[in-house]
Amino acid sequence: MEVKKVRNLLALLAAFTLSTSSAVTAVACGTADQTTVVIFDWNGVINGEQNKTADDMYKFLLDNTDTGIGQSLYKDIVDYISLSILKTNSTFAEDYEFAKQSVENQIKNIQDSLRSKYGRSWETQWKNFLKDPAQGGDGATGSYQRYFDVLLKGKANTIVSQYYVGDNYHNYEYYNTTEITIWLNDIYKFVHPGGELAEYINTGTYGDKVWIVAKSFNQTDLAPFALLQTAIRESSTPSNIKLAFKVAKTKNDEPKQPGDDYLVDPSSTIQGLLSNQQAKIAQVWMKNQGPIWTRQIVVPFKDTEKNNALKDKIELSNFNETELSTVIKNINNPSLGFQGALREQMDEIKSVTTSSTTGDLGLVTLNSDPASIKPSFSYYLYRYVTSAQGVGQQSATTLQYNLSEYTADANNLQTLIDVIDRTTTESTATHTSNYKDLVWMKDADPDTNLHSGSDGNKVAVFIDTDGIHFVQTPGITYSSTVETTTPIQDIITDYTQLLSDPIKRENATWDDVKKLADRPGGLTNTPYLDYLQTQYLLWNTKGLTTFFDLNESLNKFTSGSSDISSDIWWDYILYFNNNIDNIHWNVSVLLDDDINASDDRIYQFIDSMKTWFSSTYKRRWSLQQGIVSNDTLIKNITDLNETWEGKDYANGPAARLDPEDIKIYLNNVAAQTIWYYDPNSIQR
């Protein structure tokens, strides 16, 4: 292809995306020492030749590693989408004005610098600056508008992605305690010992601030003014009146009216509290990745038995019987239960990253690294979760399967080995497979996982090559319980005031924080997400160790890439609020006589690009609706079956993992219960 035509077509592409970097142009055009570069025949697409389509062009650009253009183009599309949404979506009206002002200030600073350096000739230097590709110029026209958009795109990308992916609920601005004390002192002079607070409100110097002082004094009573007046009259000095509560600022220092909001402090956020937009992405992440909060106790094979684990018949003598007996006793002890037993094993519950280790594994997912979370562990974990003792009890679409209950008997450990020794079972009526390989036992502590739902007092038990696993998955059957119409702003205010009181923080309970997550119009479309959010907030409120972080998981899930098959955050910004309708398509093109700017083929090409974009967006989004990572786990299980060490040993246990069975229950049970969400509800 002639270099001139390539440049013309690049200009067409640049018009679509607002800008394509000069480096991309150079690579696409090729040079004498880049003879191996392959260039897609865009001209053929526009002219309808060689049966080429816009879909062919985009697939080539995004998949062809030789050109190096795919990644830059993809990023440019993302920038273009962000700028379009920033300009057209009313949600970002104030952000757009702020971003424009910021760009104008940036440009003014550049111009002032040129004036200072070049004097009267600064305008010539400014025009050269606008043409300089290194500065973001187009190398030809020196368009001010194009340069303005280049700067604005960067800000747009940050604003839009932060809103949908990275932004937590902000804390509020609060009235300064020193200020409130000054107001109180003046009020005290007027009201003590027998003045009327109502009169001060009408005539006092700080009459309009009385409501702030009253809220700082007492926020739990419906009549804080009367309480403040009584306190002032009865106190010998103003300092005896304790101003214990933070008061969020409002517009014009007036009490908040219906529909108003408090002033937000952009530098202060409530750590870990997902916004409604983040919660939407979190629901997609849950169905796609299948996270389960998992903690476990592992009783390993004896050192002398490890090399033969599952190669010979499983015997009680393979394990430290004293340790095994202690674990069972502790789980069956009402004063300890599973959590106490876990703490007894390691003094302090710690985060661990491998399924072979006792501790808290955080959020295990369907695509966890098999080198850390073994496929056999994941298999038994998800079989337990989807059983009738887990979320299977909530499913009406798939036949439930039941696990046998192991009745704890620390004095007869053989009874446990007999039900998990991975041998063939005579009857499968109450089992999930043809083997005795997975059971459950009661957690005797009545308070353990009090808010976890009906699964809270159950422990799954199974054996793999690492030993005997005692596994608990808190919250998988949690149900939403909040019945409140309190605005989220007021709920956040109550919570931030709790955070300001060290004693209240230390004594915070589940009920103190659950409204933040389990809130109307918020996360309640997926109760398990409510549970995880509440648990994290409770840990954070009390200053305890946090064993998972939803924000971190979401940022990882939505990271950008040039690969069309990967998880790109613009899938979400398009889908939510129907943002695809907010994209405007720029068909202003720079072409020479080879293809006239008014040629119908250009507009047909633009239409084909729009069609490709819409269909690709829908196709990509549909992939997010299923459990994509399911295939990863199934492959890992299949591979494990093929290499199973015990299969070649006559005395080894017979148990094999059933990938097709677990696939059915992941898709038909878990995806319809614990990870379910209504796609229509998150598009609003």
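**Entry 1: L310**

I looked up L310 and found it in the loop between β3 (292-300) and α14 (321-331); helices (H or I, at least four residues) and strands (E, at least two) are DSSP runs, numbered from the N terminus. The model is predicted, so I note that local features need pLDDT of at least 70, side-chain atom pairs count only at pLDDT 80 or more, and totals for chains, interfaces and linings use all residues. Residues are numbered from 1 along each chain as its sequence is written, and side-chain values use heavy atoms, with hydrogens and water left out.

L310 is not a glycine, yet its phi is positive, about 70 degrees. Is L310 buried or exposed? L310 counts as buried because its relative accessibility is 2% (buried means under 20% relative accessible area, exposed over 50%, partly exposed in between, with a 1.4 Å probe and protein chains only).

I placed D347 in the loop between α15 (337-346) and β4 (359-364). With a relative accessible area of 71%, D347 is exposed.

I then checked the peptide bond from H192 to P193, which is cis, with omega near 0 degrees. P193 sits in the loop between α9 (177-191) and α10 (197-203).

**Entry 2: T526**

T526 lies in the loop between α20 (510-517) and α21 (527-542). T526 counts as buried, at 1% relative accessibility. What does T526 touch, not counting residues up to four places away in sequence? I listed Q283, M286, I674, Y676 and Y677, where contact means heavy atoms within 4.5 Å. A polar atom of the T526 side chain is 3.1 Å from the backbone oxygen of Y676.

**Entry 3: helix packing**

I took α13 (residues 276-289) with α21: the two helices pack at an angle of about 115 degrees, their axes 10 Å apart. Axes are lines fitted to C-alpha atoms, for helices over the stretch in contact, and angles run from 0 to 180 degrees between N-to-C directions. That angle makes α13 roughly perpendicular to α21 (under 35 degrees counts as roughly parallel, over 145 as roughly antiparallel, 65 to 115 as roughly perpendicular and the rest as oblique). In this contact A279, A282, Q283 and M286 of α13 meet Y528, L529 and L532 of α21.

The crossing of α13 and α21 is right-handed, whereas that of α18 and α20 is left-handed. A crossing is left-handed if the near helix is turned anticlockwise from the far one by less than a right angle, and right-handed if clockwise.

For α18 (residues 488-499) and α20 I noted an angle of about 145 degrees and axes 9 Å apart. The residues that meet are I488, I491, I492, Y495 and L498 in α18 and D512, V513, K515 and L516 in α20.

**Entry 4: cores and α16**

Which residues touch the most other members of the largest nonpolar core? They are Y382, I468 and F470, in a core of 126 residues. A nonpolar core is a set of buried Ala, Val, Leu, Ile, Met, Phe, Trp, Tyr and Cys residues joined through side-chain atoms within 4.5 Å. A second, separate core has 20 residues, including I180, W211, A231 and I232.

Not counting residues up to four places away in sequence, the residues touched by Y382 include Q289, G290, I292, V364, Y401 and W675. Y382 is one of the buried residues of α16. Eleven of the eleven residues of α16 (residues 375-385) are buried, so this helix is largely enclosed by the rest of the structure.

Definitions and conventions:
A polar contact is a pair of N or O atoms within 3.5 Å; within protein, one must be able to donate a hydrogen and the other to accept it, and residues adjacent in sequence count only if both atoms are side-chain atoms.
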